[in-house]
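This report describes how some parts of a protein model are arranged. Please look at the structure before reading on.

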Amino acid sequence: MERLPGGRRPRLVSSLGLGRRSWEVTLDDERGRLAWRDPRPPRRAGENCFVPISEIIAVEETEFNKKQRNIGRWHKMAKLHAFTVYYVKKARNHRWRCSDMTFWCVDEPICNQWIQALKELLEMQKSRPKHLLVYINPYGGKRQGKRIYEQKVAPLFSMASISTDVVITEHANHAKDNLFEVNIYKYDGVVCVGGDGMFSEVMHGLIGRMQKDSGIDQNNPKASLVQCNIRIGIIPAGSTDCICYSTVGISDPVTSALHIIVGDCQPLDVSSVHHNNTFLKYSVSLLGYGFYGDILKDSEKKRWMGPMRYDYSGFKTFLSHHYYEGTIAYQPAKHTHGSPRDKESCRTGCYICKKSEKQLAEQHKECGLKHEEGEEEWKVVKGKFLAINAVSMSCACPRSPKGLSPAAHLADGSADLILVRKCSRFDFLRYLVRHTNQDDQFDFPFVDVYRVKCFQFTSKLSEDNESNVMDIVKKRFGQFCRDHPACCCNIVNSTWNCDGETLDSSAIEVRVHCQLMKLFARGIEENCKDEAAYSQSSVEQLL
Ligand SMILES: Nc1ncnc2c1ncn2[C@@H]1O[C@H](COP(=O)(O)OP(=O)(O)OP(=O)(O)O)[C@@H](O)[C@H]1O
Ligand SMILES: CCCCCCCCCCCCC/C=C/[C@@H](O)[C@H](CO)NC(=O)CCCCC
Ligand SMILES: [Ca+2]
């Protein structure tokens, strides 16, 4: 086909059948859409329907047979030629489905011309993956990972001509270790089928591999880490699925598979966690000490309960009402204009995240001129806390649809540090209930929230130990308190919950790395009735 300047194709316009009627169908490369309208005048506004090319999954020649819709007298008069376009249909609550429509005509060359033109346009969608590495955790969540992948995801990948290498994990860290061995550069992305823990493994494998290949020492808390451009796709099959929910808006395997197929790209902040110049872990969702650390520690013993373990341990931890003494030092995130108290949330195309992306690009250009971090002031907060939560994203999940910090951004280079001070059980319950409703979680005198780019935490116990107070006495005293649950003052440390895994150290140093990695996602789309939504509901009416 001839090309216009810029490599674009001329518009392809034909009269094609769709359902019972004949339509003027246009493939418009410039506007990036497949559109059709009723050729009979008068043309009323709203009769023009389209599907964006970026949301077409596949096109294939279709055999017309008796199963096809009744298309009136046409099939009696001539042999019909047809092609089917599979596309993304956007349903409620950010759910995506694969829908299809079959166009037909009597002229075979025209039908072939359409198939070829559509295939060429799909081929030109350069952000779409062609070859993926897939890790499936068969034991995550309700142990449905393998079935979900085989029944719901693999057929879509195959329809979209995506080839895959699939690894079913045999033990914890299988995926992470494997990512250090395989030739990751031959893949357009890595897919993990499982929960947040499985995602964390794949992320550690990929980020770790990138640093290793670039000679960066992960143990240096100040190191400028190398960005990972190999995108990760999450097929949710876990217990919390917070990362999937917060980046897509729903925890649904088919929706996530479609975001992978259309080649979406969502940059993501990653926090590095160190202790004494030793690398511990990366985190993208929740770093929680106190309440969420204690829930996790208790729930690990109850893995056999499946996702229910969090409800059981949550209730138990709530009743125990332990608080912990410690010191937090943080540097405010001055580079970003947002605030954790903003009414607006991070949505697809978020301008605050875009601004951070520009700043990051400038920093990379100026290479080496950054790190004014050391000169900026540190703020210090001491106290007794029921929970210390640092979230790099909202942490929205089915249990908490707005998340722990509804205005947190996916890719602004900051985390929201939420300090919940000692308060009554009743007040803490009021705070927890606000995780689940529309009320402001930070509107309590015992809750403080700061947007930070790095922070350090030291528990009272480790401070005292450092100041040479006898370890054994402290530990005994801690035991004494735990044996008397009515005494809420816990002299032992809590545990850090790092994206659903426990950390061995309570004293940690955390730094947010702006947009260190990328996901096959686009952030949460605004819930307005946009153009695409309109065109698709019109398709439904027509067929
Ligand atoms: N084959 C396996 N056997 C045992 N553990 C595995 C296997 N594959 C992966 N894992 C580990 O299982 C952990 C939990 O997996 P996953 O996240 O998929 O499930 P989950 O039920 O949602 O758990 P979580 O709430 O911790 O995210 C991961 O940290 C991962 O390292
Ligand atoms: C009376 C009603 C009170 C209800 C309160 C419900 C609050 C739910 C908030 C859930 C916040 C999840 C934050 C995400 C953490 C993930 O990185 C992590 C890994 O999957 N999950 C957990 O640690 C699992 C943590 C699960 C906690 C329940
Ligand atoms: Ca962030």
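The model is predicted.

Seven strands make up an open sheet, and their order across it is 4-3-2-1-7-6-5. The pairing in this sheet is antiparallel. In general, strands of a sheet pair through backbone hydrogen bonds, and the pairing can be parallel or antiparallel. Which strands stand at the edges of this sheet? They are strand 4 (49–52) and strand 5 (56–62). Each has a single partner strand, so one side of each is left without a neighbour in the sheet. From one strand to the next, the twist averages 35°.

Strand 1 (residues 12–18) and strand 2 (residues 21–28) show the antiparallel pairing in detail, with seven bridges between them. In this pair, Leu18 stands opposite Arg21 of strand 2. Helix 2 (residues 108–123) lies across strand 1, strand 2, strand 5, strand 6 (81–90) and strand 7 (96–105). Helix 2 runs at about 35° to strand 6.

## Helix 3 and helix 7

Helix 3 (residues 145–159) packs with helix 7 (residues 253–261) at an angle of about 30°, and their axes are 10 Å apart. Angles under 35 degrees count as roughly parallel, so helix 3 is roughly parallel to helix 7. The crossing of helix 3 and helix 7 is right-handed.

On the side of helix 3, the contact is made by Ile148, Lys152, Val153, Leu156 and Phe157. Helix 7 contributes Pro253, Val254, Ala257, Leu258 and Ile261. Sorted by class, the contact of helix 3 with helix 7 has nine nonpolar residues, no polar residues and one charged residue.

## Helix 8 and helix 9

The axes of helix 8 (291–300) and helix 9 (309–320) come within 8 Å and cross at roughly 125°. This makes helix 8 oblique to helix 9. The crossing of these two helices is right-handed.

Where helix 8 meets helix 9, helix 8 provides Phe291, Asp294, Ile295, Asp298 and Ser299. The residues of helix 9 that they meet are Arg309, Tyr310, Ser313, Gly314, Lys316 and Thr317. By class, the contact of helix 8 with helix 9 has three nonpolar, four polar and four charged residues.

## Strands paired with strand 16

Strand 16 (residues 379–391) pairs with strand 14 (residues 286–290) in the antiparallel sense, over five bridges. In that pairing, Tyr289 stands opposite Ile388 of strand 16. Strand 15 (residues 324–332) is joined to strand 16 by seven bridges, and the two run antiparallel. The bridge partner of Gly326 in strand 16 is Gly383.

Strand 17 (residues 415–421) also runs antiparallel to strand 16, and six bridges join them. Here Asn389 stands opposite Ile418 in strand 17.

## Around ligand 1

How many residues are around ligand 1? There are 21, and Gly140, Gly194, Gly195, Gly197 and Gly238 come nearest. Helix 5 (residues 196–214) gives the largest share of this shell, with four residues. By class, the shell around ligand 1 has four nonpolar, 14 polar and three charged residues.

## Around ligand 2

Ligand 2 is surrounded by 23 residues. The closest of them are Asp196, Thr240, Ser285, Ser400 and Gly500. By class, the shell around ligand 2 has eleven nonpolar, nine polar and three charged residues.

Which helix gives the most to the shell around ligand 2? Helix 8 does, with three residues. Helix 8, helix 9 and helix 11 (425–433) each supply at least two residues of this shell.

Conventions. Residues are numbered from 1 along each chain as its sequence is written. Chains are lettered from A and ligands numbered from 1 in the order in which they are written. This is a predicted model: local features need pLDDT of at least 70, side-chain atom pairs count only at pLDDT 80 or more; totals for chains, interfaces and linings use all residues. Axes are lines fitted to C-alpha atoms, for helices over the stretch in contact, and angles run from 0 to 180 degrees between N-to-C directions. Angles under 35 degrees count as roughly parallel, over 145 as roughly antiparallel, 65 to 115 as roughly perpendicular and the rest as oblique. A crossing is left-handed if the near helix is turned anticlockwise from the far one by less than a right angle, and right-handed if clockwise. Two residues are in contact if their C-beta atoms, placed from the backbone, lie within 7 Å. Ala, Val, Leu, Ile, Met, Phe, Trp, Tyr, Cys and Pro count as nonpolar, Asp, Glu, Lys and Arg as charged, and the others, Gly among them, as polar. Two strands pair if DSSP finds at least two bridges between them. A residue is near a molecule or strand if its C-beta atom, placed from the backbone, lies within 6 Å of it.
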